[in-house]
Structure formats: structure tokens, C-alpha cells
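Morning, everyone. Have a look at the model first.

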Amino acid sequence: MPHLFTVFLFWLTSTALLAQSATLPDLQRLAGAGGKTPAETVTQLGQKFLGFPYVAHTLDVNPTEQLVVNLKEFDCTTYVENVLALTLAWHALRDKPVQQSFDQLYRNYLTQLRYRDGRIDGYGSRLHYFSDWLRDNERKGLVIDVTSSLSGSISVAKAVSYMSSATYKYPQLTDPAVLRQVTQTEALISQQPFSFIPKSHLRQAESQLQEGDIVMLTAARPGLDMKHVGIAVRQPDGRIHLLHASSEQGAVVITSYPLSDYVLYHRALSGIRVARLRPAGILTAEIRQE
């Protein structure tokens, strides 16, 4: 579909969001990154950012909470959010007549993915915990939590308190009202059981993962739900590996060994949760005019 490729190429070329860099992929190849399904597009588009730098705290650059759009550098969460937002915008533009530009669609989907109810209302409205992120975006019809359908999954509950227990890491929490919002969110998360696959069961579940799955790596430490997130990709060895923004390697990379081995190797990880984009979500989620 040449016209859509042209629109996507024009947007990528004209925006200042993509820095001129030796790691920047060829824009024509990036423009043709859309697949037949959202899962294919997530996988293909996500790999176009291989080599882009890992940078933490890119969302905390403004004195007040506002949408930060940055396709030059990522942490693990912003990488996944941007790839998903680009994918959703791509398929919305391709599959349904809309009156918005690609840039508007992308920004609107990024806002929906990143903020509770898709609305920016201060620091506390950002979906800081991935348990909260997953539940909110499932409710909005964008993703579905498929963990319970995979082999070896179990249901657990875990008390969450990482942010309120480490306020020195989050300057915004010096505001009592913001701290109260975050504490209330933590209390709600703590009350909600969820399914996850322990690392001891992961090998049997790995074969059931699909390319483009959103893989959330659960934390072994008390007080924290998820420690990392990435995208499932199948490699020439036939196994599922993790495509992610890696703090260890300082860039967007694909793990050199399969996902189950990666989780087993890292003591800070206890297992995984898995979500998938809903194809119907592209049509049912409300696209808000900002």
C-alpha cells in the first residue's frame, strides 16, 4: 500500500523526534515496516530501533506532567509504549477511515497507553506500575492479558510499595497530594490477584508465546510487581527471545539467548506475565482529540 508508506515516510522524515544518528534505520525500510497483523507490525517495527540508546527517566524532563514524545532513546517501558503506539496508529490509518494524521493518531495512542483512562492529569495519572498499565489498557480494549492461558501459570497476589518506599528516587513524590495518589494506586494493585508464570515453569510455556507478545518480567524483590518489559521475537534457533531496551547493554537489543534462559539467569526476576494487542482494540478504543 504505497500511499500509506508515503504518509508514514513523510511523518518520519519531517519530525524532529528522530535524531540524525549512525544507528538510525533507513527511513524507506522503516516506512514499510507494517505487517498484515498488529503482532507482525510490533515485531517488524520494533526491530527497526535496534541499536538505539537506552536512557532512563526520559519522561521526567518537564516541570509539569505532559506527553513526552521521544523516538531517539528509550527505557524498557517507553520503548514498548512507542512501538505499540506506532503499531496502533499504523493499523488505524490503514484499516479504518479516520480524520486524523498519523502524528495525531500516534500521539493519542501513546497517551492512551501511558496514562490512566488515557488522560493526563498530573504525575499520578501516569501508569507507573506495569500491573496498573496492563489492567488499564486491557480495560480500554487495547491489550489482553493471556498469562492464565499459558502452561504453568499460577495465581498470586503481591503487595506493592516500591515507589512510596523509595520516595528519594521520585522527586515528584515530595508533593503530599501526588504521594497520596501513588500510595492509593499501590493499595489497589496490592489487593488484586494476577496470573504469572514462575521461572521454574517458563520453559514449558515459552513455546506457546507468539511473536509480538508483550512480555513483562516479574520482580523477585518485595514491593515491586514487574521489573522489566520487552517484545517476544522468534530467532533462527526456533526459540523465543526478548527484544527490549536493555540497561545492561545500553541499547535496544535482542537477547542472545532464549527468554526462559534469560529469566533464569537473572536472580532479580521471578517469572513473566504476557499480553497481546487486541486487533479489535484498534477499532474499539476511543481516539481522543487532544
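The count of salt bridges comes to 11, a salt bridge being a side-chain nitrogen of Lys or Arg within 4 Å of a carboxyl oxygen of Asp or Glu. This is a predicted model: local features need pLDDT of at least 70, side-chain atom pairs count only at pLDDT 80 or more, and totals for chains, interfaces and linings use all residues. Residues are numbered from 1 along each chain as its sequence is written, and side-chain values use heavy atoms, with hydrogens and water left out.

Start with D60 and R126. Their closest N and O atoms are 2.8 Å apart. D60 sits in the loop between α3 and α4, R126 in the loop between α5 and α6. Helices here are DSSP runs of H or I, at least four residues; strands are runs of E, at least two; both are numbered from the N terminus. R126 is buried at 9% relative accessibility, while D60 is partly exposed at 32%. Buried means under 20% relative accessible area, exposed over 50%, partly exposed in between, with a 1.4 Å probe and protein chains only.

Next, R114 in helix α5 and E81 in helix α4. They also form a salt bridge, at 2.8 Å. Both are buried.

Now D213 and R276. Their side chains meet at 2.6 Å, N to O. D213 lies in the loop between α9 and β4 and R276 in strand β8, so the pair ties together parts 63 residues apart in sequence. R276 is buried, at 18%. A polar atom of its side chain also lies 3.3 Å from the backbone oxygen of Q208.

Last, a network: salt bridges link D117, D136, R139 and K140.

How values were computed
A polar contact is a pair of N or O atoms within 3.5 Å; within protein, one must be able to donate a hydrogen and the other to accept it, and residues adjacent in sequence count only if both atoms are side-chain atoms.
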